[in-house]
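Subject: Structure handover

Hello,

Please find the structure below, with notes on what was found in it.

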Amino acid sequence: RKTWLGDLSGFPTPDFSGLPTDLYLSGVPVLPLETSRGCRWRRCAFCDSQKSVSGGYRERNLDLVVEDLRTLSAAHRTKYFTFVDMSAPAERLDELSKRILKEGLDVRWSVQTRLVPYLDGQRLERFFESGCRQLFFGLESGSQRMVDIMDKGTRLPVAARILRDSSEAGIVNSAFVMFGFPTEADEDREKTLKFLIGHRSDIDFVEASYFSLYDGTRIAVSPARFMLENVRRVVPVEDSVDEELAYRWTGDRQPGDPQEIMASAEERLLGKGVRMKYLNAFDVTTAPLVLADIHGRQGMRERMAIVPKPASPRPSSKVSLVTGVDWMEIPFDPYPEGDEQAGGVRLLVRSGVSSAMFSVGGDEMQLPGALGRPIEYRKLRDTMSVKWGKSAKQTDKSLRAMLNELSSRGIVRTF
């Protein structure tokens with residue numbers, strides 16, 4: 001029997017006691033907190049919230065949310081919170097900001113919300129004053145035609161204004177975009193690319209994806225309306241949640257290859273200075289909220305623009321880890337049979353300054369330990385040659401490639 005709770009105010013404050021927060025890589029605890037459940041809009045054609053979230057949209061009393069923040073901040077000695085609401089209404093966030101300021105809480109928070117006219121510059125400045133350091137927006141497309149077909153309920157001029165106002169308020173923003181939505185034409189995709197490029201100074205991260213069809217969405221219920229046919233389950237599981245469905249476009253016109261479309265879009269955007277989340281070293285971080293608070297929005301953008309020089313050590317050069325780097329062994333799923341790195345354990349190397357991370361496996365796991373203090377490259381090469389059982393020439397090639405990778409992530413320095 002399936003049940004759901006309609007009153008979120010009946011829940012106690014979340015209890016994270018016993019959770020080893022010191023083992024997380026963010027440096028300080030960043031605690032999740034839910035202030036609402038479901039989505040009040042619930043009309044986006046691609047979203048399965050009506051199936052995956054039972055009971056519709058409901059909220060937790062804001063007085064309790066403020067008390068949650070106060071209690072958890074004191075208990076875990078942190079001011080960082082990420083509201084895990086599916087899409088928090090802007091009006092509710094504004095009221096929460098007012099209450100945080102009234103209560104004098106010293107917190108930092110991030111959340112996802114919609115691009116609605118209510119979000120003006122004054123309100124976004126109040127968000128920042130109350131501790132908001134990161135906002136996530138579902139932009140989805142730079143083509144108004146596609147935005148309307150998706151039933152997002154947003155207008156692109158308003159979206160552009162909010163992105164600008166949030167950035168001017170000092171809030172780091174992320175824009176989600178989707179390629180390959182049914183009926184998307186080349187000109188629609190071009191409009192999206194031009195929108196992102198044209199507003200790159202106001203957008204801090206672009207998170208791009210390719211359309212997937214899920215059970216429980218409006219498209220799955222009425223595929224013909226969206227020019228789809230032959231919709232079917234890939235895995236025959238009844239009454240599943242978040243199950244991806246197979247489909248084809250109606251008629252002779254079919255979408256291009258998803259991988260080619262995504263690769264082409266990413267190459268174009270990166271070439272124009274648009275920051276694509278997960279596609280450069282700085283973005284591989286467990287706590288952008290913390291970094292945004294420490295460095296500020298502009299400082300964070302400046303750090304992202306820095307491209308460390310590759311390591312080109314001479315035999316007499318010295319090499320070492322930069323200050324604040326640590327590492328830990330992590331389990332991982334072995335790669336396909338025949339991969340020499342398959343062994344069930346890798347070493348995760350992390351910079352405490354930038355939060356950049358890099359994982360190594362096999363013999364290379366011995367390298368970070370050897371760089372704990374400055375060492376002459378010649379001596380490092382000879383040491384690794386013995387440990388790896390390789391010739392000096394083979395070791396030199398592998399070692400330089402490895403040092404270049406670590407240097408590009410700000411983990412290793414050569415001097």
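The model is predicted: local features need pLDDT of at least 70 and side-chain atom pairs count only at pLDDT 80 or more, while totals for chains, interfaces and linings use all residues. Residues are numbered from 1 along each chain as its sequence is written, and side-chain values use heavy atoms, with hydrogens and water left out.

The largest pocket has a volume of about 700 Å³. A pocket here is an open set of points on a 1 Å grid over the protein atoms alone, where a 1.4 Å probe fits, with protein on both sides within 12 Å along at least five of seven lines; lining residues have an atom within 4 Å of a point. Grid points are joined across faces, edges and corners, and the volume is the space filled by probe spheres set on the points. The lining comprises 30 residues, and Phe 46, Cys 47, Gln 112, Glu 140 and Lys 152 lie nearest the centre. Two or more lining residues come from each of α1 (49-52), β5 (108-113), β6 (132-140), β7 (172-179) and β8 (205-210). Helices (H or I, at least four residues) and strands (E, at least two) are DSSP runs, numbered from the N terminus.

Arg 92. This residue lies in helix α3 (residues 90-103). Arg 92 is buried, at a relative accessible area of 11%; buried means under 20%, exposed over 50%, and partly exposed in between (1.4 Å probe, protein chains only). Its side chain makes a polar contact with the side chain of Glu 59 at 3.4 Å. A polar contact is a pair of N or O atoms within 3.5 Å; within protein, one must be able to donate a hydrogen and the other to accept it, and residues adjacent in sequence count only if both atoms are side-chain atoms.

Helix α7. The 13 residues of α7 (residues 186-198) should span 18 Å at 1.5 Å a residue, and the end C-alpha atoms are 18 Å apart, which agrees. The expected span is 1.5 Å times one less than the number of residues. Buried residues of α7 include Leu 193 and Ile 197.

Arg 268. This residue lies in helix α9 (residues 258-271) and is partly exposed, with a relative accessible area of 31%. Leaving aside neighbours within four places in sequence, Arg 268 is in contact (heavy atoms within 4.5 Å) with Glu 190, Leu 193, Lys 194 and Ile 197.

Regards
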